[in-house]
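Here's a quick briefing to read with the viewer open. Have a look at the model first, then work through the notes below.

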Amino acid sequence: MRFFAIAVLFAATSTVSAQKITLSGIVTDSVNNPLDMANVVAINQDTKILDGFGITSVKGMYKINVNANANYSLKISYLGYKTREVLIQTKDADITANYILAEEAQSLDGVEITYEMPVTIKGDTIEYNADSFKTGTEKKLEDVLKNLPGVEVNDDGEIEVEGKTVGKVMVEGKDFFDGDSKLASKNIPSNALDKIQILKNFSEVTQLSGVSNNQDSYAINIKLKEGKKNFWFGEVTAGGGNDERFIAHPKLFYYHPEYSINLITNFNNIGEVPFTRRDYYRFTGGFRGGGSAGSGTSFNVGSSDMGFLTTQNNRAKDINARFGAANFSFSPKKTWDLSGFAIYSGNSTDMQQNTFRQYKARTDGSQPSPDESTESVTAQKSDLGLLKLSSSYKPNANNHFDYDIFGRISTQKEDQDLFSTLTGDVTEIQKQNPYSINQNANYYYTLDAKNIFAVEAQYLIQEDDPFYNASLSQSDQFRLDDVLGMDQSQTGFDVVQDKLIKTNKLDAKIDYWHITGDKSNIKFTAGSLLSTQEFSSDIFQILDNGNKFTLDGAINDVANDVKYNFNDLYLAFEYRLKAGIFTITPGVSVHNYTTKNAQLGTTVKDEFVRLLPSFNTRVQLKKSEDINFDYRLTNSFSDVSQFAAAFVMNNYNSLFQGNRDLESALSHNISLRYNNFNMFNFSNIRGSVSYNKRVDQVRNISDFLNYPNPDYPATSDDEFIQTSNRISSPFNSNFADETFSANGSFERTFGKIKAGLGANLNYSKFNQIVDNEQAINESFSTSYNGSLGTRFQNAPNIEVGYNLSVNTYEQPSGSAITYYTHRPNVKVDAAFLKGFIFNADYSYYNYKNEVESINTYTFLDASLGYQKKDSKWEYIVGVTNLFNTTSLNQDSDNALFVSTSEYFIQPRYVTLKIRYNL
């Protein structure tokens, strides 16, 4: 902490600036109407530097802080009006002045501008001049975006604008790895940025922009500096450190009006994970949810991943990352665009974790299983691949055809050695080689000014083949041998499960919009969602001599062979009306559902009709202030894995038996959001609440395997021996499940100071059956954060923050377990001595329960770089985990137990990097 006290003092004493005064007033048109979002800039006549700028409020008010006793050129501009220039000489007192702008036929695009506007607003596009928001220490797009009002980069590297995730990033109008913003934020060099355009109400189909709700759709377009066009640019970074640490990170970019090429690679073992398994499964490739998205039907054919461990905060005991990605775009002619990308990500990860599980007490206070402590060492290896090709053809304004094909392929393996205080030593092996191919074809046709048609179809082919193997020693706490009919004469138990899931899904619809007036339209939809899934699995034992032992003595079948068909035929109607500040969109859809699962020689069929309403209202209070209310009734369906009636192993102490008679579940979804982004004082206020109530929700019945104690009553008072082994089966619960969440945030810039406050609240209530008794599980989590940071261009910058998270887990017995995490943090960025850049990121964690601190730990990453002016070479010395912290903590909750874990991470290391900028 002494180091950061010195850094704070250094930042404070280095920030000596001239005396400031305020220029303020009102900007109106010739009839005295206030002009909202007009630009006002103050250019110092002596230095020719832009000293201050502002955007007028809805009342036309502006406010700028400038130096006292200086000469300024004040320039006021607004789209469609003549730019006005006024010379001002400041004294020691504030100045108030109002200005009137005259209209002109020529737009601002045709006016000669001799200065760079920091912010320009044109309709739904906000354009930021990147250099106006740089402080001198930025190296990549992410660093610049964090300085822009209303723009954030979250912990996952995704870009958010006004609290909503950006769906598309473009560079010079060309897609940059469509479907993800992380690769852009982490890799595009900051020195290539000229303008950053925020595109609100974004629609990729121009014909639908006026008839669909795109208010929550955002995209970003990057405009490059002139020297970066038609030339290769980028950077090549290489380095090494102690303990054989290394990094090789070249990235190259080329942009031409007709084509573009982006190449990114990263090979390292210093803990930088450019593309995680979570990123892989989250990466959409730009694909939307399919034709049925928004129809009211929820049917997902998720991955059959058995539950590989995930890294915490992208940290682990050892991480070796291999990453390569290529992205291209090509326009054979003005009406035809081709694009695509290929991504490879390989990771070898070693993890070590200690976990304590406290099983939830029943209403009478007893526990279904003794508490359990585990120690595990895990080795993971994954090779993940993504490939996408896209074509977009727009022969004229009335026709638009898109085709995309997106493929995933991977090889994943996890080996884990685990010791449990209940079951002893366990060795687990999981591996799988899944793949999927998703194709998308869309055609949009405008018949005339009042009639628009759209045809959208998406076809998915997917195959998952998870393999599981568990080897256990003989133990009184392992009772699945009896259930599965295993050979108990062996020295231990070696159980294997093979599983294969094949999926074919077609999602198609036809939309028709009829424009009924300037502010209203109706939409008719006819669609179908068809899915066929095949599920097969088998459990068997490997004997000491290596032979396969068939589990014919199991109390239930251990081999599944299931075929599941799902069919949704639906018609939908939606009416959209703009009335003043209100946009009202009621809708309704009628569905004919048919499900069939065939197994064990018989078929179970379910067919019914359901009406699903929806209602959305948006209140546009101002251009950047709105309230949005949404209600939807959705019908949720399980995939094939929930219907498989034979045993399936979840892990070494848990079996799952599906229920072929499962029905669908209804869900009431209500949300209310408020957003206010004020360019006048650069404040951003957001708030939202949401509520979900699920009826006939699919939940689990869990039965723990307890057996008579042979020592009772002679030497033991316990009539039964409890184990953590259990069998679970899904059922449609008669008890309603509920979730409620609320969040709010406030950000504002005061001159060169940026402040922020935020809070999140989540409540969850769900019902399970444990040992034939209803178990009500409730969890309540809150988090609070605050930050205060500087944004100086010629002085060091510091940001201080504080985060508090509180997780409370209620048990069926009425008792509760609560964990707290306190995290103060400090970030320092400083450019000094004409070429040096210093960065540091410090966090202190205090992880505790209601009684005592469980663990305290500190993270400090720091780097010092040097780059001579106009030189292409840069030298960086970095240290990671300076205080050599060995572990971090986390807690989690599920239906059966509350767990808290200690998770071990990489030690301290120092690296030297050399970077060459192209």
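Predicted model: local features only at pLDDT ≥ 70, side-chain atom pairs only at ≥ 80, totals over all residues.

Residues are numbered from 1 along each chain as its sequence is written, and side-chain values use heavy atoms, with hydrogens and water left out.

**Strands around β23**

- Strands here are DSSP runs of E with at least two residues, numbered from the N terminus, and two of them pair if DSSP finds at least two bridges between them.
- Strand β23 covers residues 336-359 and pairs with β22 (residues 318-333) in the antiparallel sense, over 14 bridges.
- β22 and β23 make a hairpin, with two residues between them.
- Gln358 stands opposite Val898 of β54.

**Strands around β38**

- β37 (residues 647-651) and β38 (residues 654-657) run antiparallel, joined by four bridges, and form a hairpin with two residues between them.
- In that pairing, Phe647 stands opposite Gln657 in β38.
- β38 pairs with β44 (residues 726-732) in the parallel sense, over three bridges. Ser654 has Arg726 in β44 as its bridge partner.

**A six-strand open sheet**

- The strand order is β9-β10-β16-β17-β14-β15, and the pairing is mixed.
- β9 (119-122) and β15 (174-175) stand at the edges with a single partner strand each, so one side of each has no neighbour in the sheet.
- β14 (residues 168-171) pairs with β15 in the antiparallel sense over two bridges, and Val171 has Lys174 in β15 as its bridge partner.

**The largest nonpolar core**

- A nonpolar core is a set of buried Ala, Val, Leu, Ile, Met, Phe, Trp, Tyr and Cys residues joined through side-chain atoms within 4.5 Å. Buried means under 20% relative accessible area, exposed over 50%, and partly exposed in between (1.4 Å probe, protein chains only).
- The largest such core has 49 residues, and those with the most contacts inside it include Tyr128, Leu145, Ile196 and Met679.
- Strand β17 (residues 218-224) gives the most to this core, with four residues.
- Leaving aside neighbours within four places in sequence, Ile196 is in contact (heavy atoms within 4.5 Å) with, among them, Ile126, Tyr128, Leu145, Leu148, Ile220 and Ile222.

**Aromatic rings**

- Rings of Phe, Tyr and Trp (its six-membered ring) pair if their centres lie within 6.5 Å; planes under 30 degrees apart count as stacked, over 60 as edge-to-face and the rest as tilted.
- Searching the whole structure gives 38 aromatic pairs. One of them is Tyr78 with Tyr81, edge-to-face at 5.5 Å centre to centre and 65° between the planes.
- Tyr78 is buried at 19% relative accessibility, and Tyr81 is buried at 12%.
- Phe608 and Phe637 are stacked, at 6.3 Å centre to centre with 20° between the planes. Phe608 lies in β35 (residues 602-622) and Phe637 in β36 (residues 625-637), so the pair ties together parts that are 29 residues apart in sequence.
- Phe608 is buried at 18% relative accessible area, and Phe637 is buried at 12%.
- One aromatic cluster includes Phe176, Phe177, Phe323 and Phe341.

- Thr885 sits in the loop between β52 (873-880) and β53 (887-893), and is buried, with a relative accessible area of 10%.
- A polar atom of the Thr885 side chain lies 2.3 Å from the backbone oxygen of Thr858.
- Not counting residues up to four places away in sequence, Thr885 touches Tyr857, Thr858, Phe859, Ile905 and Gln906.
- The charged end of Arg315 sits over the ring of Phe859, 3.9 Å from its centre; the definition asks for NZ of Lys or CZ of Arg within 6 Å of the ring centre and within 35 degrees of the ring normal.

Conventions. Polar contact = N/O pair within 3.5 Å; in protein donor to acceptor, adjacent residues only side chain to side chain.
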